[in-house]
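Student: I have a model open and want to go through it with you. Can we start with the charged pairs?

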Amino acid sequence: MLLILLGALVKSTESGLSVPDWPTTYGKFMFTYPLNKMAGGIKYEHTHRMLASLVGLLTLLLTVWLLRIKSIPVWIKRLGIFAFVACVAQGIIGGLTVLNFLPVWLSTFHGVLGQTLLMLVVFIAYALSIERHQRWNIEEESYNPKFLRFSLLLMAMVYVQLVIGNIMRHAQAGLAIPDFPTMGWTYFPTFDQAWLNRVNQWRFENNLDPVNLGQVMVHLLHRFWALLILLKLLWLNKIAYKDCLDRPLVLKSLYWLNMAVILQITLGISTVLSNKEVYTTTTHVTVGAIVLALSLLMVLRAAPLTWRQFTGMLKK
């Protein structure tokens, strides 16, 4: 989570090319770069690289540990291997984004893969948890197929939203619509040239580059998808408090997910109204990762413990 936060801070401060070479840092081995030279954007970018190296080492140790313990099921070992491969790929792609001057598609992939690695780590943590072990001793644990299906759908929607958000950030579309709740100072945007000119006039007055309709559409899609997620979450609450009152851990996950989504929407609105203030924007990205992690945790708590039971429930 801290690595995702630092990565968001690198983008929010536009420090991605503060260190223009990779894997070295201004020609020096990363860990020998003088600390007294870490000023401006370099401190964000270089710190992000060093923490990424630490996360890579921890992921390697986790994978080796999983492979060495005979009592751990094979599927958890495979998750560890997937996590390590994703971590290595994440590091390489991060370096390539620098060497290729931050192309949108590669930077987006870098951000999305970071969120995917987080999901793998959460999955592994839950698979090894005391909570999951204790659930084996519950003779008749109740499950709700409808709630599980909707939880899976919500998690997928959150993941898609993070993809859209990454595209929006790296395509410089975060302020393609600079007002809220209106859109280009109207509740019903016309998407014609006159409407776009009003938006770009505001951007010109605020020393920002003009945007095109493509950037505007990505931004509006991010807002619209957030609304769909909120509506889906409300529907999920209705199902939970009707049919899942005997699953306290599921309800606990849902409670924290509600709080995180409300905070995330508030931060999204604040990001626009504050003209993408650095720390507000960074927190918005970080809470997005928390929402994804909580949505996965809720699915894991709502789902049966075996794959056969899980697939059987989805068919009901």
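Student: Is Glu131 buried or exposed?

Tutor: Glu131 is buried, at a relative accessible area of 17%. Buried means under 20% relative accessible area, exposed over 50%, and partly exposed in between, with a 1.4 Å probe and protein chains only. Before going on: this is a predicted model, in which local features need pLDDT of at least 70, side-chain atom pairs count only at pLDDT 80 or more, and totals for chains, interfaces and linings use all residues. Residues are numbered from 1 along each chain as its sequence is written, and side-chain values use heavy atoms, with hydrogens and water left out.

Student: Fine. Which side chain does Glu131 meet in a salt bridge?

Tutor: Its partner is Arg301, at 2.7 Å, N to O. The pair links distant parts of the chain, with Glu131 in helix α5 (residues 130-135) and Arg301 in helix α10, 170 residues apart. Arg301 also counts as buried, at 11% relative accessibility. A salt bridge here is a side-chain nitrogen of Lys or Arg within 4 Å of a carboxyl oxygen of Asp or Glu. Helices (H or I, at least four residues) and strands (E, at least two) are DSSP runs, numbered from the N terminus.

Student: How many salt bridges does the structure hold?

Tutor: There are 3 salt bridges. Glu45 forms one with Arg49, with the closest N and O atoms 3.0 Å apart. Another joins the side chains of Glu14 and Lys11 at 3.4 Å, N to O.

Student: How far apart are Glu45 and Arg49 in helix α2?

Tutor: They are 4 residues apart, so about one helical turn separates them. An α-helix has 3.6 residues a turn, so residues three or four places apart point the same way. Glu45 is buried at 6% relative accessibility, and Arg49 is buried at 8%.

Student: And Lys11, buried or exposed?

Tutor: Lys11 is buried, with a relative accessible area of 14%. Glu14 is partly exposed, at 44%.

Student: Switching to the surface. Which residues gather in the patch of positive charge?

Tutor: Lys146, Arg149, Lys238 and Lys242. The elements that contribute two or more residues to that patch are α6 (145-170) and α8 (213-243). Lys242 lies in α8 and is exposed, with a relative accessible area of 65%.

Student: What puts residues in a patch?

Tutor: Patches take residues with over 30% relative accessible area and no salt bridge; like charges are joined within 9 Å, and nonpolar side chains (Val, Leu, Ile, Met, Phe, Trp, Tyr) within 5 Å. Lys and Arg count as positive and Asp and Glu as negative, while His and the chain ends are not counted. A charge is placed at NZ of Lys, CZ of Arg, CG of Asp or CD of Glu.

Student: Which residues form the nonpolar patch?

Tutor: Leu54, Leu57, Leu58, Leu60, Leu61 and Val64 form it, with about 520 Å² of accessible area together. The areas come from the Shrake-Rupley method with a 1.4 Å probe; for residues, only the protein chains shown count as cover. Leu57 sits in helix α2 (residues 41-68) and is partly exposed, at 45% relative accessibility.

Student: Now helix geometry. What is the reach of α4 from its first C-alpha to its last?

Tutor: Helix α4 (residues 104-127) reaches 35 Å over 24 residues, close to the expected 34 Å. The expected span is 1.5 Å times one less than the number of residues. Of the 24 residues of α4, 17 are buried, so the helix is largely enclosed by the rest of the structure.

Student: Last topic, the backbone. Where are the cis peptide bonds?

Tutor: One joins Trp22 and Pro23, with omega about 10 degrees. Pro23 is in the loop between α1 (2-12) and α2. Another joins Phe180 and Pro181, with omega about 5 degrees, and Pro181 is in the loop between α6 and α7 (193-205).

Student: What about the phi of Phe191?

Tutor: Phe191 has a positive phi of about 60 degrees although it is not a glycine. Phe191 is in the loop between α6 and α7 and is partly exposed, at 32%. Most residues other than glycine have a negative phi, and most peptide bonds are trans.
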